[in-house]
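Have the model open as you read.

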Amino acid sequence: MLANRIWFLLSTSLWLGCGHMAGVKKTNALPPQLFAENQVVKPKPSEFRLGQLAQSELKALLAGLHAESKAPGVGVGIVFGRQVVWTGVFGYAELENKAPMTADSVTRIGSLSKVFTGLAILSLRDQGRLDLDMPVAKVVPELAQVIYPSKDSPRITFRHLLTHTSGLPRLGDLDYYSKPDKPITVADLADVLKGAKLRFSPGTDRLYSNLAMGVASVAVDRLAGMPLRDFLKVNLFKQLNMTRSTFDPK
């Protein structure tokens with residue numbers, strides 16, 4: 001039972017779980033935002049104890065999942081109140097020389113990059129450059145080429161993109177697997193969007209979509225006047241001292 005609860009929490013956290021360009025009109029400025037004080041919440045002693053009790057079961061669960069997945073290496077951490085209280089590593093960081101996985105191994109985060117794209121959108125929202133409930137097609141007109149289920153379907157908004165409720169398919173005809181060294185261009189994205197049928201009316205259901213996040217990244221490029229990767233380097237990685245986070249594989 002405890003293992004099931006831990007797995008549910010891990011799965012949930014992964015679900016939750018980054019200058020204007022010419023021709024893009026500035027949206028109406030949002031009212032000043034109020035934020036809670038940036039206080040570190042100290043975990044209760046019982047929470048630390050729970051973490052200690054869970055470690056043995058969690059380690060066994062993850063070891064089993066690692067063996068089933070046949071992944072080269074896996075790294076896991078438990079955090080209470082911003083403090084890492086446990087780390088677990090399995091397998092290898094490099095298969096060729098059998099270098100073991102460590103808590104400091106740098107890995108490709110894959111779809112967790114969506115979290116950073118979402119943070120970029122929220123940062124632009126806080127700057128008054130967009131409204132989460134405005135139609136995305138105002139910034140990315142290529143999105144107007146999709147086919148809605150009905151004439152009265154609401155237009156896709158930024159909130160729809162970030163919550164996977166846009167109705168866009170997971171990938172559609174977007175292909176970044178066969179040519180991993182060839183970056184997807186805006187023209188490629190436009191071709192995929194042209195005539196693409198939404199799976200449901202925006203906001204009425206949920207479907208995980210890489211394509212939706214691709215659209216969101218184009219919006220960041222245009223509203224910020226710089227590529228998403230540069231925006232995140234300046235506004236997130238640098239601010240949080242994330243010196244080992246990068247878009248460059250080398």
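Strand S1 (residues 73–80) runs antiparallel to strand S2 (residues 83–94), and the two are joined by eight bridges. Strands pair here if DSSP finds at least two bridges between them; helices (H or I, at least four residues) and strands (E, at least two) are DSSP runs, numbered from the N terminus. This is a predicted model, where local features need pLDDT of at least 70, side-chain atom pairs count only at pLDDT 80 or more, and totals for chains, interfaces and linings use all residues. Residues are numbered from 1 along each chain as its sequence is written, and side-chain values use heavy atoms, with hydrogens and water left out.

| Hairpin | Residues between strands | Turn residue, positive phi |
|---|---|---|
| S1 and S2 | two residues | Gly81, about 55° |
| S2 and S3 | four residues | Lys98, about 60° |

Now the cores. A nonpolar core is a set of buried Ala, Val, Leu, Ile, Met, Phe, Trp, Tyr and Cys residues joined through side-chain atoms within 4.5 Å, where buried means under 20% relative accessible area (1.4 Å probe, protein chains only). The largest one has 38 residues, and Phe158, Leu161 and Leu168 touch the most other members. Helix H6 (210–224) is among the elements giving it two or more residues, and H6 supplies the largest share, 10 residues. Apart from this core lies another, of seven residues, including Val76 and Phe90.

Definitions and conventions
Buried < 20%, exposed > 50% of the residue type's maximum accessible area, 1.4 Å probe, protein only.
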